[in-house]
Amino acid sequence: MSDVTRHKHGRPVHHWRRDAVELAALFTAVAVADVVANLVGHGPDGPGLLVLSAAALIATAGFHIWWSRRHGHAPPTSDTDARPPSPEGQAGPSGLPGRAAGESALWRMRTTVKDEPGSLAALCAALAEHRVDILSLQTHPLGEDTVDEFLLRAPGALAGADITRAVARAGGADTWIERADAHDLVDAPTRVLGLATRTALDAAELPLALRQLLGRCTIRSLPATARGAERRPDGVPVEGVLEDTVMRLRAPEGGVITVERPYLPFTPTEFARARALVELDARLGPRVPRGHDVLTLPEGDDITVRRADLGDLEAAKAMHERCSARTLGMRYHGPVGDADRYLDHLLSPRFGRTLAVQTPSGRVVGLGHLLWDGDETEVALLVEDQWQRRGIGGELLGRLVAMAVEAGCESVYAVTQSSNTGMVAAMRGLGLPLDYQIEEGTLVITARLNLPAGSGAELSLEGSGERTVRD
């Protein structure tokens, strides 16, 4: 790998320091050669000067080789930020992680070696010299090269930079390393089977399962180009497309699932795993868990909260017709007449999870949406006018946040109008740290999901049950 460091997303970028050193070494060599040539041509001590010039050139070349080895495979000066560092992993006064001498640290590392006998053995020997234990290893063949993915246990005082330098000297290239945790101790087949089970139980789990399968990445689902038209996205064949750090897969409903990981190219093995997970989802068809909770409102009315999907489309449209123009305008921030066209997207488990509030007669009177938005997660609420201010919005929001926590989301955000006091009150009722941004009447509220004990967001929708909703 050329002399690079990595920016905060891990994409390698060239560094100017090595270029400057190489240019300095070149100009030094040229200057020395010019001086020697002049002295040899005009002085009596030509042979001695030739010997001195040879020594100077050898010293310059040695310095250049040392600098290349020292900085040519330099890893990030800190973790790649794929996981938040633990308190015991913070750097101490010496610059090394603040761990006791006898403690160890877990690392995930990926490096590329030549596909030839002895290459893996050289890596293992280099790691053993630094007392690094290999806990697991996966190989990704790439023709003439092989990508080796390790889970390592290293001495706590050993920095990631030391590991990557040792790997570089043993023949590893394009080395990438980040801190790991106990969750990574699960072997790959077990993890894949667990993700397949989650996907089989709930279609909304597919984007989350892909993210856990592939590490930090951005996943976007795009619907088919035209409703009712032939659902074959241009440029994406049935088998999908792999392009370095981007893979495109055909979604079961005819759209495109795009997965992008800017800091690390996907391997054919990872592409095959992702494609198998999408094919499983397609074979099982639309599905959501059927659990529900029966709740009692302060006025004594019973309501049912359950997962919703495209089977609730007509009931959701009927609720839209009963809502006032102001309520719809608060929710959709645009022409009220266009509100219904969003329902296909909102109710599809491909783009997130939806909760419906239903009366004993079967009428849907409230909808709550948890929407996957690339790396972020949006929450949105709509409650029919005559059912507002009864605690339904707060109940839905708490359950959506609980789902976001379960999915591993770091935050959720809500987009509303600054005059929507009900949504503001519901977000404040979560008891979470909030950030507010407002521009031209549009308010974005972001909740950071470091949940305190006992918060309402700890409620779960799994199974059936009864309880009372309080304002």
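Helix axes are lines fitted to C-alpha atoms over the stretch in contact, and the angles between their N-to-C directions run from 0 to 180 degrees. The views below show a predicted model.

**Figure 1. Packing of helix H5 against helix H6.** Helix H5 (residues 188–201) and helix H6 (residues 206–214) pack with their axes 9 Å apart, at an angle of about 170°. Because angles over 145 degrees count as roughly antiparallel, H5 and H6 are roughly antiparallel to each other. H5 contributes Arg-191, Val-192, Leu-195, Arg-198 and Thr-199, which meet Leu-206, Leu-208, Ala-209, Gln-212 and Leu-213 of H6. The residues of this contact comprise 6 nonpolar, 2 polar and 2 charged.

**Figure 2. The largest nonpolar core.** This core has 36 residues, and those with the most contacts inside it are Leu-370, Val-379, Ile-392, Val-412 and Met-427. Elements that give two or more residues to the core include strand S14 (364–373), strand S15 (376–383), helix H11 (392–406) and strand S16 (411–417). H11 supplies the largest share, 7 residues.

**Figure 3. Surroundings of Val-412.** Not counting residues up to four places away in sequence, Val-412 touches Leu-370, Thr-377, Val-379, Val-401, Ala-404, Ile-445, Thr-446, Ala-447 and Leu-449. A second, separate core has 18 residues, among them Ala-209, Ala-251, Phe-266 and Ala-274.

**Figure 4. Cysteines Cys-323 and Cys-409.** Cys-323 is buried, with a relative accessible area of 8%. Cys-409 is also buried, with a relative accessible area of 15%. The model contains 0 disulfides, judged by sulfur atoms within 2.5 Å.

Terms used:
Residues are numbered from 1 along each chain as its sequence is written. This is a predicted model: local features need pLDDT of at least 70, side-chain atom pairs count only at pLDDT 80 or more; totals for chains, interfaces and linings use all residues. Side-chain values use heavy atoms; hydrogens and water are left out. A nonpolar core is a set of buried Ala, Val, Leu, Ile, Met, Phe, Trp, Tyr and Cys residues joined through side-chain atoms within 4.5 Å. Buried means under 20% relative accessible area, exposed over 50%, partly exposed in between (1.4 Å probe, protein chains only). Helices (H or I, at least four residues) and strands (E, at least two) are DSSP runs, numbered from the N terminus. Contact means heavy atoms within 4.5 Å. Angles under 35 degrees count as roughly parallel, over 145 as roughly antiparallel, 65 to 115 as roughly perpendicular and the rest as oblique. Ala, Val, Leu, Ile, Met, Phe, Trp, Tyr, Cys and Pro count as nonpolar, Asp, Glu, Lys and Arg as charged, and the others, Gly among them, as polar.
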